[in-house]
Amino acid sequence: MMYWLSVLIFLPLSGALLIVLAWHNNVVMARRAALLFSAAELLIALGLWWFANPGSDGYMYIVRASWIPSMGIQFLLGMDGLSLLLVLLTALLIPIAILVSWHSIKLHWPVFAALLLATEAGIMGVFLALDLILFYVFWELMLVPMYFLIGIWGHERRLYAAYKFFLFTLTGSLLMLVSILGLYFIHGEQTGTYTFDYFALLHTDLPDNTGMWLMLGFFAAFAVKIPVFPVHSWLPDAHTEAPTAGSIILAGLLLKTGAYGLLRFCLPLFPEDSLEFAPFAMALGVVGILYGAFLALVQEDLKRLIAYSSISHLGFVVLGIYAWNQESLHGAMILILAHGITTSAMFAIVGMLEERSHTRLLSRMGGLLLPMPRLGTMLLLFTLSAMGMPGLANFVGEFLVLAGVYQISASFAIAGAMGIVAGAIYLLWMYQRAMLGEVNESPAWRDLDLRELSVLAILTILVLWLGLYPAPFLDYLQNPTDTIIELNTVVITGTEDASH
Amino acid sequence: MNQLLWLIPGAPILSALIIVLLGGFLRYRHIAVLASCAAAAAFLTVLLAWLNGAANAQPLQQTVYTWVAVGDWRPTVGLMLDRISLVMVSVVSGVGLLIHLYSIAFMAKDNDYRRYYFFLNLFLGGMLLLVLADNLLLLYLGWELVGLCSFALIGFWYRDPVRASAGRKAFITTRIGDLSLALGIFLLFSQFNTLSLPVLFDAISEQWQPNSQLAAITAFMIFAGAVGKSAQIPLQVWLPDAMAGPSPVSALIHAATMVTAGVYLIARMHPLFELTPLVQWTVAAIGAVTILYGASSALAQNDLKRVLAYSTISQIGYMFLALGCGAYAFALFHLVTHAFFKSLLFLTAGAIIQANNHEHDIHRLGSHGGHSLLMHGCFLVGAASLAGIPVITAGFYSKEAILTTVWPASTGQLLWVIAALGTLVTSIYIFRTYFLLFQNSQKAVSISPVNRMMVWPLFILALLSITAGFVEFPAGWPGPQLWSTWLENEFGTATHPPLATVYVLQLIASLLPLLGAGIAFLLVRREKTGYRLPLSDFLRDGWKFDATYKIVLVGGYFRLAHFFKLIESLLIDAMLHKMTRGYKVFATYCRTGFEYGVLNRGLNGLLSGLRFGHAQLSTAQNGLLNRYALMICAGAVFLLGYWLW
């Protein structure tokens, strides 16, 4: 049973190799093979989900093999409820990204497919790795193919965007590497065993200031990825310039690795410092929510608009994570999934529009509901989900986050809730400009074909499922949440003991 | 019966689902019939509940499934049918059914019928869910769902940008109210860790003292949510624009049901409101101001549907006034009668407008339009009921009940005067409209007779607009008072002043509508000769609320967004560029200064030194034998000397 986790990582990698070696001149076969590999990956992920028991304590699957024993580096993978759901999301979105690119990618399909699969392997690794060096390797691994995806298949300013994306994330992750090494040496000095094992490092006793600095190193890497307010500037460019599949992976998965990192590493490894830092992080989250919402209102480029809305939504996630209680953590995790699905669908729709009209500018759209009722209806559904309409995916997450935050601080909750109104303002304005009114220009608009419709139909079902019956997903989140909350209570009681 | 409860909201929602998934295969007739059958199914289930004695028994309850599960907090999709809900579901499903039937003929010529019936059914389902919800989370779902359907149906003819914007405006304005409601829900949740209504009410009455600050804040937040949905001042601006939608939609959503959701919400949360007299008084005061606002604005409108829209705002003001004075039962009473006569008025107006080539202006409708006798009669009944013509109309009974209970409330005399003034103005504006429309207008000869499917709903509503009031006779009258006794268990009894005062007040309040009709007659006669009301521009624009909001709020918001965009491009991006440029300058410096200046030059120096040495040395290799011999000798001497020494 256990080796399936390694399969999750190596299957797409070998798929990528195979495609490049065997079908580097055959577009048709490359496409099919890519879809097949990603579908197989999805099946494995679904199988793991099927056999996983939500009630089981801690990690459902663990793989441990030694890798570089002299330095204490292991090949350590583990899957708990949180990883499980994110693995599922990854396995789902990659085939979607492949299907969306089916006709829109004109150049070098085999290489494109190989890079997509390589990215998938990297992301899977990030969500599964429990050895800090292994995690770091995957963290950088997913960056490289992404750089090429943006840089080769992107739009006009692709090189600039790819470069910016790479520099930002690299700077962040180097800080994280420093922190990882720092933690490694401190732990080694204290206990005598030098290891990067996540479980061993969990209970490292850190001197006062050092812990804060190490925590900030991790936070910097994750904050860039999420992205948190002042370091968000790479995101609009990267999202806008990337090809549709790239945008889907960026918004649907790469941003989530940042949030996942906070939940998996930042809070558990440094509970005290994180708690101390929480008010600042929540403030950054709130600023992100409102700032993203304001900027989304005045964008002309549809993709850029959705990119800024991602900043706004991820602000809720940060807010929820650092509010650090039952409701808010559940909410943040559900919102991660919901945003992944909703935003991917919106990017896919924008990609479809662009294929038809070769523009993403809102000023050149208008009245599109008339020639394309199906596309318009789908866009309305996902727009509503992004607005936090109850019964659709995002609402459950946003509601839980705000309900949780309210117990910590009413003012943060009020500011966050204003983000929902602001969301309605920019999203409805976007929808009206794109879909309502009279048709401005008429290239031969045609409605969704079967491939496009089925892609969106899958996402629609998921949005409704998450919105109307999230219990199957929430069940898996109970244990990870409990673990994180325990840390919080331990910190609080611990400090109380110290003061007595 | 408990097991069938889900059918009430479920039937319309299922039908909406079928329409959206399979509607492509169905023709107009099928979709219309399916949608109407779903509405009928909901209505029949409600009837069944009545027949099974839901009116007298314990509340019915059904839990469909657990919606969200977080820790030990498990909000469900749970339905609860007590007397308050029973009133609401009866009105919503009944009027909803009639309007579905009416729409069959009304929308027959529209190509987008599939979208229309989808949203109409979804709306009905959402509204029924809202009034049946047994917890606040589900209530909020219904609350937002009806807002969505309202948005989609106001902007139904979306190709006209004005209509599309009207839908958006309605959604965003109500969302501002919803924000406050959501915060109220969060506050309740953080205090009691539950959102189930019965549990909440027990906890509120146990844990919160009267006049406690938390109770006041919570009540105020929930009230603000109700203000948005029910179009009260200051969030009323969306309702007049909402008339851009089809008339049956205006009748169902913007007169009978959705806009009264706020009234339902406050009535539902009355244990909370009773703890805070201050908030209660605010409710009453907002209601009173809105009565005057709506009535006076309706006075100056020229668009038939806008008259009715402002009238709706004003009538809901009466309901808020009643809620604020603790007369919850009478607020619901007026809600019911208003649902009948206002949807009658809207449906009649819709038929008139459709029969006259979509002409909305009441002056032109009167001078050029033709109206059938049926329309004339229906409009007269609706107008009389709205004005509250004594004894014979339902509107009289419900309004009288409210006025009587207002008097003993705090600052009740003032509120009563305002409300009575509102009655007078109401009568003036609706009879002004009536006279302008029908006085001297031609009989409809050229116009095709109204479809029979449209006639029946009008008849039924007209009948109800007359008779619905007889369930509750005013205080001190010989006659049944079924309504207030039936709702006594839920709300308690409302107080009224001593009977002598009551009779005087009733006499004044009954004369006002008649007086108003007289004034309207004179006003119309003068208006036809070109007379205009003082302040008519100000009133027609709804006291200039819209223009002010547009400049201050909308303009300010956009300006703020542009400001942030500027910051983004100036500060954040520019800083990056500066950093990059600085980096580049540094790199160039390294290249020119260090690499060229130091390394290259040094290297070059070294190289040229070597080259010099090489050149010097190579001159030595000149092939002259004597020079070689000299060198060898010199070397030998040198070595020898070194070795010896």
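Colleague: Where is the place of B:Lys544 in chain B?

Modeller: B:Lys544 sits in the loop between α24 (536-540) and α25 (545-620) of chain B. Bear in mind that this is a predicted model.

Colleague: Why is B:Lys544 called exposed?

Modeller: B:Lys544 has 12 of them, so it counts as exposed. Its phi is positive, about 60 degrees, although B:Lys544 is not a glycine. Most residues other than glycine have a negative phi.

Colleague: And B:Thr411, is that buried or exposed?

Modeller: B:Thr411 is exposed, because it has 12 other C-beta atoms within 10 Å. B:Thr411 lies in the loop between α18 (394-406) and α19 (412-438) of chain B, and its phi is positive too, about 50 degrees, without it being a glycine.

Colleague: What makes A:Val286 buried?

Modeller: Buried needs 20 or more other C-beta atoms within 10 Å. A:Val286 has 25, so it is buried. A:Val286 belongs to helix α12 of chain A. Leaving out residues up to four places away in sequence, A:Val286 touches A:Gly315, A:Leu319, A:Phe412, A:Ala415 and A:Gly416. Take A:Phe412: it is 126 residues from A:Val286 in sequence, yet the C-alpha atoms are 6.9 Å apart.

Colleague: How do you know that the span of helix α17 of chain B agrees with what a helix should give?

Modeller: Helix α17 (residues 373-387) of chain B has 15 residues, so at 1.5 Å a residue it should span 21 Å; the end C-alpha atoms are 21 Å apart, which agrees. Its buried residues include B:Met375, B:Phe379 and B:Leu386. Just after α17(B), B:Gly388 takes a positive phi of about 80 degrees.

Colleague: Why is α3(A) described as largely enclosed?

Modeller: Of the 20 residues of α3(A), 18 are buried, so the rest of the structure largely encloses this helix. Helix α3 (residues 81-100) of chain A reaches 29 Å from first to last C-alpha, close to the expected 28 Å.

Colleague: Which residues touch the most other members of the largest nonpolar core?

Modeller: B:Leu321 and B:Ala331 do, in a core of 429 residues. Helix α15 (residues 328-355) of chain B brings the largest share, 19 residues. Beyond its neighbours within four places in sequence, B:Ala331 has contacts that include B:Val263, B:Ala267 and B:Met319.

Colleague: What is the peptide bond from A:Ile226 to A:Pro227, cis or trans?

Modeller: That bond is cis, with omega near -10 degrees. A:Pro227 is in the loop between α9 (208-225) and α10 (234-241) of chain A. In chain B, the bond from B:Ile233 to B:Pro234 is cis as well, with omega near 5 degrees, and B:Pro234 lies in the loop between α8 (213-229) and α9 (238-241). Most peptide bonds are trans.

Colleague: How many residues does each chain put into the contact?

Modeller: Chain A gives 39 residues and chain B gives 37. On the chain A side, α17(A) supplies the largest share, ten residues. That side divides into 28 nonpolar, eight polar and three charged residues.

Colleague: What ipTM and pTM does the predictor give the complex?

Modeller: An ipTM of 0.92 and a pTM of 0.90. For chain B the mean pLDDT is 88, and 98% of its residues reach 70 or more.

Technical notes
Residues are numbered from 1 along each chain as its sequence is written. Chains are lettered from A and ligands numbered from 1 in the order in which they are written. This is a predicted model: local features need pLDDT of at least 70, side-chain atom pairs count only at pLDDT 80 or more; totals for chains, interfaces and linings use all residues. A nonpolar core is a set of buried Ala, Val, Leu, Ile, Met, Phe, Trp, Tyr and Cys residues joined through C-beta atoms within 7 Å. Helices (H or I, at least four residues) and strands (E, at least two) are DSSP runs, numbered from the N terminus. Two residues are in contact if their C-beta atoms, placed from the backbone, lie within 7 Å. The expected span of a helix is 1.5 Å times one less than its number of residues. Ala, Val, Leu, Ile, Met, Phe, Trp, Tyr, Cys and Pro count as nonpolar, Asp, Glu, Lys and Arg as charged, and the others, Gly among them, as polar. pLDDT is the predictor's confidence in each residue, from 0 to 100.
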